[in-house]
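Biologist: I am new to this structure and would like to learn how to read it. Please show me the model, and then I will ask about its features.

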Amino acid sequence: MGIKIGNAPFKERIQEGISNDFMRGAVSSAQGRMRTGRLTAAEELGDWEDWRVLGEEIRSHTLTNLDYYLQQLSDQVVKRGGKVFFAQTAEEANEYVQNVIKQKNAKKIVKSKSMVTEEIGLNAAIEQAGAEVIETDLGEWILQLDDHDPPSHIVTPALHKNKEQIRDTFAEKKGYDKSSKPEELAAFAREQLREDFLTADVGITGCNFAVAESGAVTLVTNEGNARLATSLPDTQISVMGMERIVPTWEDLDIVVSLLTRAAVGQKLTSYVTAITGTRLEEEVDGPEDYHLVIVDNGRSNILGTEFQSALHCIRCAACINVCPVYRHVGGHSYGSIYPGPIGAVLTPLLDGYDNHKELPYASTLCAACTEACPVRIPLHEHLIRHREIIVEKENKAPASEKLMMEGFAKWGSHPAAYKLSAKMARTALKPWTKDEKITNGPGPLKGWTDVRDFPAPSKQSFRAWFKSREKGGNK
Amino acid sequence: MSIQNREAFLNNVASKLGRNRLTEPVERPTYSVQPQWRVFAGQSQDELVNRLEEQCEKIHTVMKRTTLENLNATLTAALEDYNGQSIVAAKDERNEQFGLSSYYASLKEQGKDVHVWDVSKGKENIAIAEKADVGITFSDITLAESGTVTLFNNKGNGRSISLLPQTYIAVIPKSTIVPRMSGAGKHIHEANQEGHDVSSCVSFITGPSNSADIEMNLIVGVHGPVKATYIVVEDM
């Protein structure tokens, strides 16, 4: 799939999001619950600001010394019987995984949820290698069955689907014949996927945090599918973004504690599982062949720049859960597997401005994201900086904005023109005005009135009102 | 080749960071704040058991307290709750100390299907665990704040025992309880520095498996066990 999802232009994607009533309801209620969960968990923990500072210091120290910690990690993994592949690009990572699959003559792959494997489009590469790949996270499985519908949230990927749609998908694709009760749907998934886990040749996972000092790869999950994927198949491959690492187990404690609270308000998820290399002698479960693939795919271009702190992200989605823009347009509108504020910051950095120049504008700059971030990434400042770059260096500001800015510059610098048009506005907009409101405006106003009303220009301009007020008239 | 493409990759990372590769070990800084040690600081072991019990309610986990003498009876009651006819248990040196070896033997005499993990049986252990009603392990470090049992999986305590059966029972020696995950992190960090290899799998388990992937409704019981019981045993 890759980082970019779909080819529809930004405006069309947004239109689709805004007119999807179920999705909007689901998103706003999910945002409310996850946000409340985070706030309650933070309150209960106490000293939340200290925790955030500590999280930021750990992430900042790790990124500043990233080459050292990645070297230590890879040495440790090898010491424990694993193999490590450093992949500069998505293609290199995919090719390595394809080779492992071919060598093992593997036919069935079980996978637990991983954003980086979505980013590099690993599933397509696996299928190309002639193997079947099964997503085992409940939300991801639903999306996969539904003809590879893309994820709309990084923590709850099938947020945009309701239980009736899920029941229908199960019925159509898997012959499910029970109700749309979530418990029954989940029990069906357990039963269906258990068989796949037991017969899979390879398990593939992402990595929430690697621990450099001992070579562990840690997975933070609730359903247990990552444990199954790392316990049952004889071959395991973990794919990690190169920045997803902490120096020691003491640091792991802090980032995991921040992640689970900031994501959903849990003190810890049901499972935090740390895998180190291959199974040891006489151990029965766990892989006998273990591979760690460390992926750059554009990340190193962010190092040493003013955006470096974007790599501190621990993928909790707290910023997404407070974003008023995400609330209205939903995850798919961003056209990236990383939606919301962090997606709007990261996506252009990883995939260039060309395809994603609108994203930094999908923000009100209210800074709720920055305030929510458990590792204090200044998200809204990064968004402003992106806009500056888009306008100044890349000269890629949206055409409508350019036109408007040029027009405004001319118009605003000629007092007579300004005065006249302010006076004329009411008359000019009369055909579209009803009850002092414009609901279906012409030309440039259309973009606004498509989604909300615009007040009709007042009978009296501000300047006229101010003048008459000074003379002691209408107040 | 065990490591591929490392030099070019890390050289690029260093150059983007605007410097040469780091060759000397990096000192971890003393971070400016350490709030993690203030959680439940100074609480007695009994108070920590209370904290654990409070958390168990939130994570849909039954918690029972018992003594060494009554452990068998408490386990029997827990097995009845789960209608546990087939049981898979870890092979653990504490089985003797806590009287579980003889308890498992007596269950077998009563006609229950009890399998204690046995390396000589290889993969058959997994097939047995997959069919079992209940999996039983000890907790190695217990985290009061989050209601978490920490397992250092090894050749006697297979990963499947706490994962594949329908339900899970953790035996928690009271002495293993610490305030929070920081205690476990510190322990593993220090052991690693002293040259002890960490387990091939460290499992932090917090109650039964769950998911909120369908309309954000909490579903308890997905791929891992659908129910969990903790039995805290007075051992101090």
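Biologist: Which residues does the UniProt annotation "binding site" cover?

Modeller: First, the conventions: this is a predicted model, in which local features need pLDDT of at least 70, side-chain atom pairs count only at pLDDT 80 or more, and totals for chains, interfaces and linings use all residues. Residues are numbered from 1 along each chain as its sequence is written, while chains are lettered from A and ligands numbered from 1 in the order in which they are written. UniProt positions are given in the numbering used here, with feature names shortened, and annotations may be inferred rather than shown by experiment. According to the unreviewed UniProt entry, the annotation covers A:Cys313, A:Cys316, A:Cys319 and A:Cys373. They are spread over 61 residues of sequence but cluster in space, with a largest C-alpha distance of 10.4 Å.

Biologist: Is A:Cys319 buried or exposed?

Modeller: A residue is buried if 20 or more other C-beta atoms, placed from the backbone, lie within 10 Å of its own, exposed if 12 or fewer, and partly exposed in between. A:Cys319 counts as buried because it has 27 C-beta neighbours inside 10 Å. A:Cys319 lies in helix α13 (residues 318–322) of chain A; helices here are DSSP runs of H or I with at least four residues, strands are runs of E with at least two, and both are numbered from the N terminus.

Biologist: Where is A:Cys373 found?

Modeller: A:Cys373 is in the loop between α16 (368–372) and α17 (379–392) of chain A. A:Cys373 is also buried, because 26 other C-beta atoms lie within 10 Å. Two residues are in contact if their C-beta atoms, placed from the backbone, lie within 7 Å. Leaving aside neighbours within four places in sequence, A:Cys373 is in contact with A:Ala318, A:Cys319 and A:Leu379.

Biologist: How many residues does the contact take from each chain?

Modeller: The contact takes 81 residues from chain A and 69 residues from chain B.

Biologist: Which strands form the open sheet, and in what order?

Modeller: Two strands pair if DSSP finds at least two bridges between them. Here seven strands form an open sheet with parallel pairing, in the order β3(A)-β2(A)-β4(A)-β7(A)-β10(A)-β1(A)-β1(B). Its edge strands, each pairing on one side only, are β3 (132–135) of chain A and β1 of chain B. Strand β1 (residues 83–87) of chain A is joined to β1(B) by two bridges, and A:Val84 has B:Ile3 as its bridge partner there.

Biologist: How many bridges pair strand β9 of chain A with β10(B)?

Modeller: Strand β9 (residues 271–276) of chain A pairs with β10(B) over five bridges, in the antiparallel sense. Opposite A:Ile275 stands B:Cys201 in β10(B).
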